[in-house]
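Subject: Structure handover

Dear colleague,

I am passing on to you the structure below, together with some notes on what was found in it. Please read the notes with the structure open beside them.

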Amino acid sequence: MRIGLFVTCLGDTLFPEAGRATVEVLERLGHTVDFPAAQTCCGQMHLNSGYADDALRLVRGFVRAFGDGEGFDAIVAPSGSCVATVRHHYGVLASDSGDAGLQRAVSRLAPRVFELSEFLVGRLGVEDVGAYFPHRVVYHPSCHGLRVLRVGDAPLRLLRAVRGIELVELPEADSCCGFGGTFAVKNADVSAAMLADKVARVLESGAEVCTALDCSCLMHIGGGLARQRTGVRTVHLAEILASATGDR
Amino acid sequence: MAAAGGFPEAARAALADAQLRRNLHVATHTIREKRLRATSELDDWEQLREAGRRIKERTMRHLDRHLETLERSVLAAGGVVHWAADAAAANRIVAELVRAAGAREVIKVKSIATDEIGLNAALAEQGIRAVETDLAELINQLAGDTSSHILVPAIHRNRAEIRDLFRAHLPGGAGLSDDPAALVEAARAYLRSLFLSTPVAVSGANFAVAETGTVCVVESEGNGRMCTTLPDTLITVMGIEKVVPRLADLGVMLQLLPRSATAERMNPYTSLWTGVTPADGPRSFHLVLLDAGRTNALADPVGRQALHCIRCSACLNVCPVYERTGGHAYESVYPGPIGAILTPQLAGLERGRTLPWASTLCGACYDACPVKIDIPSVLLHLRAEIVRRGRAGGGSGDAGAAGRDAGGAVAVAGARGHEGGRNRREAAAERATMRLAAVVMGGPLRYRLAQRAGRVTLGWLRRHPRLTRALPGPLGAWTSVRELPEAPEQSFRAWWHERQRRSR
Amino acid sequence: MSDRELILSRVRAALADVPAGEPDTWLLEADPDPVPASYVRRRVMEAEQLVELFASRCADYRANVTRCADDPEAIRSAVAAACSRHGAWALVAPATLDSAWKPDGLLFESDDPPLAVEQLDRCDGILTGCAVAIALTGTIVLDGGAGQGRRALTLVPDLHICVVRGDQLVAGVPDAFALLDGALRAGRPLTFISGPSATSDIELRRVEGVHGPRRLEVIVAA
């Protein structure tokens with residue numbers, strides 16, 4: 001398959017290892033990965049903060065970068081929330097814009113965009129990607145993957161097939177971590193309270209590593225874990241799947 | 001007291017109350033699992049939700065016809081129908097009816113609509129005492145509290161706090177224990193004689209069926225039956241959105257509501273009455289149809305669905321934000337996720353201006369809603385609307401909504417007439433940042449330069465943690481409880497291009 | 001402009017986006033895409049299955065459920081047993097109650113002429129039949145018809161003994177509404193009762209026994 005990588009602005013800028021790992025996993029499975037260099041940001045932050053017209057600019061940018069998706073068999077991103085933005089909100093933004101061309105492009109493009117775990121399990125039918133990760137790991141199901149994309153247990157299936165891994169249960173797993181984009185700073189106190197509970201549950205689980213589908217949630221949870229000097233690391237799911245020889 | 005800073009400020013106060021957080025945690029977590037058990041028991045639960053959604057959606061789209069039909073049906077069944085465009089009109093109608101019945105006291109069934117319009121206070125001004133008969137409403141009335149939950153208005157109080165209230169306020173309550181059964185018994189004894197002797201009652205309505213004029217009250221304690229059966233005069237105050245067209249619609253709604261609300265297969269008592277019945281129940285029945293901002297919400301094709309709410313409170317019980325802050329932080333009789341979309345639409349965007357941001361958009365509310373109100377999408381829609389008006393009006397503007405605001409005296413405690421200067425500056429700064437970010441992200445070159453600048457800045461900030469934490473705005477807020485991420489040595493795209501070059 | 005005209009005009013103005021000619025009521029059978037909303041409107045169950053399900057669901061909400069044969073003698077002795085469990089002796093009965101259900105040795109005061117609420121408050125209990133009972137939810141429904149009387153009768157007394165006949169049982173809530181349609185259109189008031197009165201107002205935990213009857217005895221005669 002010819003796969004377009006949508007690395008996301010956060011992944012590109014702050015967490016490049018998640019993007020590199022995504023490339024590695026997809027190539028290991030025999031697929032060709034391309035990275036359209038014109039891509040920047042999907043516009044999620046603008047959309048979620050109420051800046052729909054600024055978000056629309058970025059929708060146009062996304063369409064410029066990926067075309068109507070015809071150049072790829074699929075577009076894959078190591079992020080649940082960015083994919084949710086494209087698949088669930090681009091249609092509305094495009095139709096609100098009244099631009100028929102944009103609407104057409106979005107209606108063809110959006111259904112071709114997938115989050116990595118749903119793509120591997122749901123589209124490719126792969127669970128074992130040949131990974132080896134000898135650590136005690138806990139998985140936080142981030143909200144957009146869980147309730148918008150409905151990735152279900154795809155990430156857990158992938159993790160269960162990883163050699164050497166010890167998967168542990170996260171109590172109250174489906175509770176939001178409290179990131180929520182600008183929520184973390186606009187409602188800083190509530191976000192902090194939610195984070196404190198999530199950090200406590202991660203510690204309860206006894207894991208050494210906390211993983212998720214989204215760099216954003218991991219940045220928030222990891223920031224809390226680091227502030228409390230817990231020693232628990234956050235690692236994107238793609239990186240675990242890419243680990244083939246010992247520790248990464 | 002309303003917080004000038006809106007939800008974030010009110011939430012901060014709530015978060016500082018450790019007892020409150022414990023009470024809320026226990027209550028919301030207890031009900032969550034029970035609700036899932038109750039809903040998974042029905043093999044057609046998802047179909048019922050969809051049917052509920054379609055019934056409500058279609059009803060709202062033709063609300064005028066259904067209201068006229070309802071009016072005709074109630075009149076034909078011997079009832080009287082009153083229309084109230086705003087809170088003041090509704091309060092005036094009820095007070096006049098009570099006076100006409102020669103009463104100085106009324107008993108009340110739990111009704112959020114009457115809380116919304118501040119009926120009890122309005123009656124008190126007319127020298128009429130309104131006694132709440134729902135246990136939680138009674139607790140709040142004794143404590144001088146406002147509601148913090150749609151279904152369980154005193155959820156913020158635990159049994160020990162309730163015992164102390166009853167000891168202080170109920171006749172003969174001195175030796176009470178904190179056993180919930182004993183507390184319930186004390187409330188029963190206190191209200192019994194009122195039920196048997198008060199000639200006028202005021203209720204809300206869960207549903208009203210247009211085709212027959214049948215009104216429906218769903219309850220547990222029997223106080224609803226007492227109020228709708230024993231008095232001579234019954235006055236029901238109902239939001240216009242509560243109408244359903246057909247009797248068969250109740251067959252859907254009465255499955256959705258109890259399982260979503262109290263996680264029961266069916267609530268103990270559901271009363272249905274149609275006008276007046278000879279020799280059974282009240283001799284006069286008045287239905288007050290209340291607008292108070294509902295037509296405001298109706299005018300917004302996206303926001304309209306907030307009116308589909310059947311007040312089950314499942315969205316509150318699953319909300320991670322509500323779980324931490326409780327209901328008072330929303331400064332409205334409609335707290336939680338549904339309140340965050342309902343309050344700004346009923347009371348005007350300006351008054352509930354911080355509420356659409358009181359959510360991480362985690363989607364738990366949408367999953368739980370028995371009539372599938374897409375709360376996250378409406379939140380996004382309202383955020384955009386508030387930002388748009390802020391831009392147009394230089395930050396303060398909600399003139400459009402205020403002009404159409406039919407709510408009048410809507411009892412939204414958080415009502416704020418204007419934004420403070422600080423808020424205006426913050427809003428302007430945010431607008432500028434968002435625009436700048438969109439422009440930067442709009443071109444790959446600009447984006448790459450900004451990326452590089454961002455990495456350098458991040459590295460510097462991480463080397464100066466104390467300074468960073470002291471910063472006002474987002475950076476200070478972020479680093480108050482979290483570390484900043486490390487700045488990577490190269491961006492993904494730099495790595496990619498390097499790899500491409502090497503492979504060539 | 002009256003508030004009535006004002007509200008209706010606001011509603012009409014708000015709904016300018018709704019196309020003319022759209023049906024004003026959603027009907028499952030007329031929906032072009034009915035599958036996602038096709039909830040079960042009619043559930044079919046074997047008679048014995050209905051009785052067992054009703055008895056267990058009704059008991060889940062702390063009603064005391066007994067079963068007996070559907071004949072007057074069996075019902076009488078079940079009523080007598082229920083009364084003796086609660087030490088009830090002086091009962092009220094709707095004027096239309098089947099007198100074959102009244103056991104000897106108990107006092108039954110008829111609600112004809114209507115009793116004062118104080119009298120209802122003083123009695124030991126009330127004996128009624130019902131209109132319909134719903135198995136899936138353990139609910140009895142009263143519609144003021146034969147053997148049920150006015151609403152206050154089953155509200156003020158602290159003990160309610162209700163006889164449910166096998167042929168009054170339906171599986172689900174929509175089935176009940178199908179049977180109750182006539183009563184509702186005739187304007188009769190309905191009461192759905194599922195267990196004794198209860199509250200979840202303290203810490204969202206259920207406590208049985210508040211203002212309505214604190215004890216509910218259901219006799220399933222089938």
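This is a predicted model: local features need pLDDT of at least 70, side-chain atom pairs count only at pLDDT 80 or more; totals for chains, interfaces and linings use all residues.

Two strands are taken to pair if DSSP finds at least two bridges between them.

How the chains meet

Two pairs of chains touch, and of these the pair of chains B and C has the most contacts. This contact takes 82 residues from chain B and 64 residues from chain C. On the chain C side, the elements that give two or more residues include helix 4 (117-122), helix 5 (173-185) and strand 9 (190-193), while helix 1 of chain C gives the most, with nine residues. By class, the residues on that side of chain C divide into 31 nonpolar, 16 polar and 17 charged.

The contact between chains A and B takes 51 residues from chain A and 47 residues from chain B. Among the elements of chain B that each supply at least two residues to that side are helix 18 (375-392), helix 20 (421-441) and helix 21 (444-463), and the residues of this side divide into 29 nonpolar, nine polar and nine charged. Chains A and C, by contrast, do not touch, and their nearest C-alpha atoms are 15 Å apart.

Chain B by itself

Chain B has 24 helices and ten strands, and it is divided into domain 1 (1-41 + 312-424), domain 2 (42-292) and domain 3 (442-503). The centres of domain 2 and domain 3 of chain B, taken over C-alpha atoms, are separated by 56 Å. Along the principal axes, the C-alpha atoms of chain B fill a box of roughly 95 × 55 × 50 Å. Because a compact globule with 504 residues would have a radius of gyration near 23 Å, the 26 Å of chain B agrees with that expectation.

Chain B also holds an open sheet of six strands in the order 1-10-7-4-2-3, with parallel pairing. Strand 1 (80-84) and strand 3 (129-132) of chain B stand at the edges with a single partner strand each, so one side of each is left without a neighbour in the sheet. Neighbouring strands of this sheet are turned by 25 degrees against each other on average, direction ignored. Strand 2 (residues 105-108) of chain B is joined to strand 3 by four bridges, the two running parallel, and B:Val106 stands opposite B:Ala130 in strand 3.

Among the helices, helix 8 (residues 135-143) and helix 9 (residues 159-169) of chain B pack at an angle of about 65 degrees, with their axes 10 Å apart, and they pass each other in a left-handed crossing. In this contact B:Ile139, B:Leu142 and B:Ala143 of helix 8 meet B:Ile162, B:Leu165 and B:His169 of helix 9, which by class gives five nonpolar, one polar and no charged residues.

Two details of the backbone

Most residues other than glycine have a negative phi, and most peptide bonds are trans. B:Leu361, although it is not a glycine, has a positive phi of about 65 degrees, and this residue is found in the loop between helix 16 (336-347) and helix 17 (364-368) of chain B. In chain C, the peptide bond from C:Asp112 to C:Pro113 is cis, with omega near 0 degrees, and C:Pro113 has its place in the loop between strand 3 (107-110) and helix 4 of chain C.

With best wishes

Definitions and conventions: Residues are numbered from 1 along each chain as its sequence is written. Chains are lettered from A and ligands numbered from 1 in the order in which they are written. Axes are lines fitted to C-alpha atoms, for helices over the stretch in contact, and angles run from 0 to 180 degrees between N-to-C directions. A crossing is left-handed if the near helix is turned anticlockwise from the far one by less than a right angle, and right-handed if clockwise. Two residues are in contact if their C-beta atoms, placed from the backbone, lie within 7 Å. Ala, Val, Leu, Ile, Met, Phe, Trp, Tyr, Cys and Pro count as nonpolar, Asp, Glu, Lys and Arg as charged, and the others, Gly among them, as polar. Domain bounds come from an automatic or database domain assignment. The radius of gyration is taken over C-alpha atoms; the globule rule is 2.2 Å times the number of residues to the power 0.38.
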